[in-house]
Amino acid sequence: MKKLGKIYLVLVLLFLYVPIFVLIVFSFNETKSRSVFSGFTLDWYKRLFHNRIIISSLINTAIIAVIASIVSTVLGTLAAIGIHHMKKVPKAVVMNITNMPIINPEIVTGVSLMLLFVFFAARMNLEFGFVTLLIAHITFDVPYVILNVMPKFNQMNPHIFEAAQDLGCSPVKAFRKVVLPEIMPGVVSGFLMAFTYSLDDFVVSYFTSGSTSQTLPITIYSMTRRKVSPEINALSTLIFVAVVIVLIVKNAIENKAAKKNGSYRGN
Amino acid sequence: MKLKYFSAPYLAWMIVFILVPLLMIAYFAFTSDNGEFTMKYISDVGQYANIFVRSIWLSLIATAICLVIAYPIAFILSRMDKHKQGTMLMIVMLPMWMNFLLRTYAWMTLLGNNGIINHILGMVGLGPVKLINTSGAVVLGMVYNYLPFMILPLYSVMEKIDKSLFEAASDLGCSSVSTLFRVVIPLSMPGITSGITMVFVPAISTFIISRMLGGGSNLLIGDLIEMQFLGNAYNPHLGAAISLVLMVIILVIMTVMNQFDPDEQVLM
């Protein structure tokens, strides 16, 4: 029975990984063939690094992800403080609306923002591009920050903030010294989640980007629509390697933290 | 100092960029170009009934396949040694961190008429078989892309099931099959319901998978909406009406799913 389980696990892993490995292998293929490997080359990587559109959309993606995740972390953390101190009914209303971009299909979020931007574009000096993309990214990022920070407030002892003030802290200092350390894990995971969602988003960006400001996923999409070039394979390989490195580092940090916590508990 | 006012900037943002856009979808769905109330576009959605049926059908099949594949995987993962679980889970979830366009593109190259699968089939004297631009390819793309969304919630509920429950069940005379149906499945119900919604919602609203793997003959609701907003058939009123119907379908599915979720029922 146990053996059967292992075979099954391996089969599913093959299903998940074989397509990616085929992509990687063919990124080193001399010809454009997608089925016959004719010889090793690094040409597609060289071309990739000289492809202006890809490089500029990569930079654009990074800028948008950084700004959107920072803004949404600040906005979302402040929002969580406020929502936590609301009465039951307004709290429920706000949380339900906050959940909308998470529950709704991405295409609906994208299309709804597009309608809004079209409305503004017709009446004000707003063009589809960097600004609309940034607004759209912040909009779908903030809910993830709020959802990560809110539980930390619920776990926190509500009296420590008052206790700090009774002991002579100003409200700002009490917040910085007492509340912030308590909610920090939620803020950090919210920020990271917002950042990854921003980096990876295609659907919402597709509807809100216009032609002047492209993100990497949009460039990838237009590459797959045109003639097939192994440059995409090279790009996939680099992204895969980056993901593996990030996850290994993340795992190592978490293991270290777990060990540290474990020793505090005396295990 | 009232702390609740800290949320003011977000509340303003939420109203302008979440609430108003959604209300605009409803407004566009029920008005014509000159702003008059009309039911025309909502009733026009009926013309695309076949696309709706196809979308619901294909995404239900994909969700069912995901559930069948993911359930044993989640169970095997949850019963591994604790220190192995984290690493194994990371390996299972890793492909999900690749951009989903690239994951779908990978299947495009595999299934293509000149792709590697047809090449291998050709070497053994079979084929070429038409693999890409079929509804089967669309379902495959959905399963491949959204399988981790099914595994994760299942794993997180199963991990919490105490091992001694299985021993107790077998001590009390349960066979392993009846342990599965009377202990494991009831206890993992919250994971099953959230897994189903997490796969079904993106599957029914996708337009990338159908476009890249389905060719022109397997249009889904997502394609239909995209065509109304960015395609040649520019018609935001019809697009908004289709989006509204899609939201209603998803709402119905989620309400049905909540009926099976013991936790949700307590809250309601």
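Tutor: Welcome! An axis here is a line fitted to C-alpha atoms (for a helix, over the stretch in contact), and angles run from 0 to 180 degrees between N-to-C directions. You are looking at a predicted model, where local features need pLDDT of at least 70 and side-chain atom pairs count only at pLDDT 80 or more, while totals for chains, interfaces and linings use all residues. Residues are numbered from 1 along each chain as its sequence is written, with chains lettered from A and ligands numbered from 1 in the order in which they are written.

Student: How many helices does chain A have?

Tutor: Helices (H or I, at least four residues) and strands (E, at least two) are DSSP runs, numbered from the N terminus. Chain A has 0 strands, and its helices number 11.

Student: What is the radius of gyration of chain A?

Tutor: The C-alpha trace of chain A spans about 75 × 65 × 35 Å along its principal axes. For a compact globule of 267 residues, the radius of gyration (over C-alpha atoms; 2.2 Å times the number of residues to the power 0.38 for the globule) would be near 18 Å, but for chain A the value is 23 Å.

Student: Are α5(A) and α1(B) roughly parallel or roughly perpendicular?

Tutor: The axes of α5 (residues 106–123) of chain A and α1(B) come within 8 Å and cross at roughly 90 degrees. Angles under 35 degrees count as roughly parallel, over 145 as roughly antiparallel, 65 to 115 as roughly perpendicular and the rest as oblique. These two helices are therefore roughly perpendicular.

Student: How many residues in the contact of α5(A) with α1(B) are nonpolar?

Tutor: Residues are in contact if their C-beta atoms, placed from the backbone, lie within 7 Å. Here A:Ser112, A:Leu113, A:Leu115 and A:Leu116 face a set in α1(B) including B:Phe17 and B:Phe28. Ala, Val, Leu, Ile, Met, Phe, Trp, Tyr, Cys and Pro count as nonpolar, Asp, Glu, Lys and Arg as charged, and the others, Gly among them, as polar. The contact has no charged residue and 1 polar one, and the nonpolar count is 10.

Student: Is B:Asn133 buried, partly exposed or exposed?

Tutor: B:Asn133 sits in the loop between α6 (116–123) and α7 (135–158) of chain B. A residue is buried with 20 or more other C-beta atoms (placed from the backbone) within 10 Å of its own, exposed with 12 or fewer, and partly exposed in between. B:Asn133 has 18 within 10 Å, so this residue is partly exposed.

Methods: Two residues are in contact if their C-beta atoms, placed from the backbone, lie within 7 Å.
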